[in-house]
Amino acid sequence: MSTFQGLEVGKRGISTAQTQLNTTGHNMTNAATPGYSRQNVQSSATNPNRVFTSQSPNAQLGSGVLTDAIVRLRDQFLDTKFWGQNGHASELSVQAEALSELERWVQGTEDGNLQQAMQDVWKAAETVRANPNDEAAKAVFTERMNSFSATVQQLSQDVAGLTTRLESRETMERQQANDLLKSIAGLNDVIYRSGGRDNDAMDQRDNLIDKLSGLAGIQVTAIEKGMVNIRLQDGTSLVAGRSVESELTATSPIASGTLTGIDKAFAAIEDFQTKLQTLTSNFDQNSPSIDAAIASWQQLVGELGTKADGINRATETALLAKNGTDRDRQSVMGVSLDEEMSNLIKYQHAYNAAARLVSTTDELLETIINRMGV
Amino acid sequence: MRISHQMLHNQSTQRLQQSSVRMADTFAQASSGKKLLRPSDSPHGTVQAMKLKQQLGEMEQYKTNQSQSALFLDEVDNKLQNMSRILQRVQELGVQANNDVMFSGERDVIQNELAELTKELQSLASSDINGEKLFPQVGAEKQIIVGKGVAVEVTLTAMTPFGGEDGLFATVSEMSAKLAANEHVDLDGLQTSFDRLTDALAVVGARKNRLDSIQGRMEDSKLENTKMLSKIEDVDFAEILTKLKSEEAVYQAGLSATSKLFTSSLVDYLR
């Protein structure tokens, strides 16, 4: 047993307590950082020294504490669940947004309402029928037909505008997803170089995966040294470790997320446009054809309403599920200031005690050096 | 469950967000007075409302058509009344002319008056409204649609009030010929023509009655449809304002709870 063992044990205690105090500080100051997961210092007692005892085998004298690792507290299972739910919720929300805009155009204003326009044509046609020699009635009819065409045209334009906006949004979101892939590969590299120890880089990377999972449905698998691989749900590899394997294109087989939602919204809008076109191309001045057109329009509005209603409900449920999982995740990874404060006290006491050990050992050494054999 | 501060924060903002969304929806209903702001609020209700609006629009048009029909039938009635008055005078002239004690010049006077009356009758028989004959030939009758699938004939074919080849005008011209030839006038023929006119008046009257009852029925169903539309579309203000008030209370409670959530932590108790 060394004379200076007490100093060494005290030093180790001070150093470990310092690490713990600093980690607590790191946690507290990052309590509001998005994507931050709390960190914890793992420590254990160091290898004991043998001391000679009257009985065999000899006793083992403890030699203090050392820090093993600083780990982040996070549940991989909840992350995977969250990423799946996020893709589903985003896919539905973007559809809900698009349909609700479509609904707004369909509803129109009191004057720009298509049903009103068609019925005005019908009324004018009926008036002409009752007064075949009335030139004014014929003029009104022509006017009503024009106004009907204008209303249809305005509606098609509004709907086309919605398509254009969605197209540019799709391009933008895909670009963002590809940027995210690059950043994730870059962070994987940083993590690899740290040997899988860089908790903060891992948090940042997982935060980016949170965002990516909303844009496109992905599968994430952990590989060596804390890195992850990212694939599409059909297995197409996007990120393998430190490199981007392939980027997303317009034809990538994406199964969920905003990008899929936009594609589905396109389909719904196109269906609407086609039906609107059929309706207007079959429209002429005969009463039965006007009646048929009004009936198809009512059916179209009814279908749109039912579809939007269904998607709105599904979106609400999906968001609720996603938020629930996020809450579970926060329960594991989120910083509790109360907990950190009580840790602060615990580690402060450990630090003080270790320091006291050093000064006590110092007193012992004083005894040996100055009082013995004088 | 372990509670972190981030979690409390997320949860309370989400809940406040939810209450404000609900409040905004209710407020939109209260301020617009409409329950259905977009088709997805109630797809079935929306289509129902559209159908009712369509029916109300149709009724409006049918009402215009009904007034138009009434105008035509009134005109037909009016012309027939005038003609029957004239024909009465023609009958009187016929009775006078059949009187054997008469100066030769007197028959000429009667014949002159008859010629004038005939012209009047012809003009009445060929009267029109905006180019449409009131007494058209067979096949050119005018029908006006006054309800869904309900048409009313608003003209009379010339056959009905005036008869065919040996009808009114043949009788009158024959009378004129008899007067010229100093012969007796055929009073029975005149009576037959007069009866025909009277019968036609009865037909027009019956049509007007039918039109009136159609109008009455339409007013009833218009009222019914308007009531139904209002039930589907319109907001019950007492209900919606109460709802708004209670949602506001929930929101206020949420705000106050959130403000209390973060007032203290362990930091406050450590020196």
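Modeller: Start with Pro57(A), which sits in the loop of chain A that runs between strand E2 (49-51) and strand E3 (59-61). Helices and strands here are DSSP runs, numbered from the N terminus (helices: H or I, at least four residues; strands: E, at least two). The model is a predicted one: local features need pLDDT of at least 70, side-chain atom pairs count only at pLDDT 80 or more, and totals for chains, interfaces and linings use all residues. Residues are numbered from 1 along each chain as its sequence is written, chains are lettered from A and ligands numbered from 1 in the order in which they are written, and side-chain values use heavy atoms, with hydrogens and water left out.

The peptide bond between Ser56(A) and Pro57(A) is cis, with omega at about -5 degrees. In general, most peptide bonds are trans, and most residues other than glycine have a negative phi.

Lys225(A), in the loop between E5 and E6, has a phi near 55 degrees, which is positive although the residue is not glycine. Lys225(A) is partly exposed, at 43% relative accessibility; buried means under 20% relative accessible area, exposed over 50%, and partly exposed in between (1.4 Å probe, protein chains only).

E5(A) runs antiparallel to strand E6 (residues 228-232) of chain A, and 5 bridges join them; two strands pair if DSSP finds at least two bridges between them. Within this pair, Ala222(A) stands opposite Val228(A) of E6(A).

Chain A as a whole has 8 helices and 8 strands. Its radius of gyration, taken over C-alpha atoms, is 35 Å, well over the 21 Å that the globule rule gives for 374 residues, so chain A is more spread out than a compact globule. The rule is 2.2 Å times the number of residues to the power 0.38. Along the principal axes, the C-alpha atoms of chain A fill a box of roughly 140 × 40 × 30 Å. Of its 374 residues, 44% are buried. Among contacts in chain A with a separation of 6 or more, 70% are between residues 24 or more positions apart; contact means heavy atoms within 4.5 Å.

Chain B also touches chain A. Gln54(B), in helix H2 of chain B, is buried at 10% relative accessibility. Apart from neighbours within four places in sequence, Gln54(B) is in contact with residues of chain A, among them Gln115(A), Asp291(A) and Ile294(A). Lys51(B) is in helix H2 (residues 43-97) as well, but is partly exposed, with a relative accessible area of 41%. The C-alpha atoms of Lys51(B) and Leu229(B) are separated by 9.3 Å, although the two residues are 178 residues apart along the chain.

Chain B has a positive phi too: Asn182(B), a residue other than glycine, has a phi near 60 degrees. Asn182(B) is placed in the loop between helix H5 (168-180) and helix H6 (187-233) of chain B.
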